[in-house]
Amino acid sequence: MGGLNLNEENMICVGCGVKVQTEDPAGLGYAPKSALDKETLICQRCFKLKHYNEVQDVSLTDDDFLKILNGVGSKDALIVKIVDIFDFNGSWLPGLQRFAGGNDVLLIANKADLLPKSVKHNKLINWLQASSKELGLKPIDILLVSASKGYNMKEAAAAIDHYRNGKDVYVVGCTNVGKSTFINRMIKEVTGEGDIITTSHFPGTTLDTIEIPLDDGRALIDTPGIINHHQMAHYIDKKDLKFITPKKEIKSRVYQLNESQTLFFGGLARFDYISGPKTGFTCYLSNDLEIHRTKLEKADELYKSHKGGMLTPPRGKAAEEFPELVPHEFSIKDAKTDVVFSGLGWVTINEPGTKIVAHVPRGVNVILRKSLI
């Protein structure tokens, strides 16, 4: 990859890819005139995000994002699809085969450092292969990486170079999968340059395509993160995201439950054990999210009285506006089944023949899958 250069006519923010303007401080891509003299041009939104972790809302719609993705299929390119292994189902882009045209898709599962170290990586790759196939995608290859820790990134760079066959590379994924961190790590791997693209754990950081020139005249193109509205991140206050976004290896928490017992995951979701033998349920959630156990008969009352207090997040105003929890009932037929709360984590059930109810805010997905761990 060569160095990054700035095209003077259409000044583009290297952080998010949006066109920079100096007229409207409230508008998209605003930068003060003094910023134009800097070696790397960055809009005020990216500057605040980078230095103060401040988030400003964006005026791009889902349709804008989809338009950009639609363009990918018409190009002759390698598509690199990034998913978050901790939130595999929540970060899956449905219908990517449609967008891909005839292009090969390389699947990269990021955040491998969050899973317990005891998990064997070749088992994970097999699991990813089977799950992708079920979801309608046949990737040309699958890699596990941790972009933030640099794990397996050299291998990823080599695989991309191998599979692209001299073509451009489009990197796609949902918001929050660590796409920009991945690309920054790639640039570092190849050029030794530091962070160039704005990264954060807030949805929708990259606003337009960002082209990174490769040394054979081709480019690595970062596309905006597609927003999956069924993820929990969209239902909580930005300040509370840190409670549900794990930063380090998750510690499994096991609860021995009898029938008619309930677990609350903060005030965000709830798991009722309706019927079956006394058995252990293994919870894989961010270590910062507290779990409370109670009797099923007391659960409604407890939630009403303690949401936003003992049961947090949500907190403050977000707790008052938090959508009601909707029940999803499941009869578990197979041993080793995960009940997945989109964007929050999952509970592994080892005992077949049990009945459970998962409660999540209206609009958030709950699914069953073959156990990941």
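A residue counts as buried when its relative accessible area is under 20%. The structure described here is a predicted model. By this cut-off, 51% of the 373 residues of the chain are buried. The chain contains 9 helices and 16 strands. Among contacts between residues at least 6 apart in sequence, 72% join residues at least 24 apart.

Aromatic side chains were examined next. A search of the whole structure gives 8 aromatic pairs. One of them joins Phe-88 and Trp-92, with 5.2 Å from centre to centre and 50 degrees between the planes, and this pair is tilted. Phe-88 has a relative accessibility of 1% and therefore counts as buried. Trp-92 also counts as buried, because its relative accessibility is 6%.

A further pair is formed by Phe-271 and Phe-281. The ring centres of these residues are 5.3 Å apart and the planes stand at 65 degrees; planes over 60 degrees apart count as edge-to-face, so this label applies to the pair. Phe-271 belongs to strand S9 (residues 269-275) and Phe-281 to strand S10 (residues 279-285), so that the pair, with its members 10 residues apart, links distant parts of the chain. Phe-271 is buried, because its relative accessibility is 0%. For Phe-281 the relative accessibility is 0%, so Phe-281 is buried as well.

An aromatic cluster is made up of Phe-86, Tyr-284 and Trp-346.

Thr-294 is part of strand S11, which spans residues 291-295. The relative accessible area of Thr-294 is 13%, and Thr-294 is therefore buried. When neighbours within four places in sequence are left aside, Thr-294 is in contact with Gln-261, Thr-262, Phe-264, Ala-299 and Leu-302.

Definitions and conventions. Residues are numbered from 1 along each chain as its sequence is written. This is a predicted model: local features need pLDDT of at least 70, side-chain atom pairs count only at pLDDT 80 or more; totals for chains, interfaces and linings use all residues. Side-chain values use heavy atoms; hydrogens and water are left out. Rings of Phe, Tyr and Trp (its six-membered ring) pair if their centres lie within 6.5 Å; planes under 30 degrees apart count as stacked, over 60 as edge-to-face and the rest as tilted. Buried means under 20% relative accessible area, exposed over 50%, partly exposed in between (1.4 Å probe, protein chains only). Helices (H or I, at least four residues) and strands (E, at least two) are DSSP runs, numbered from the N terminus. Contact means heavy atoms within 4.5 Å.
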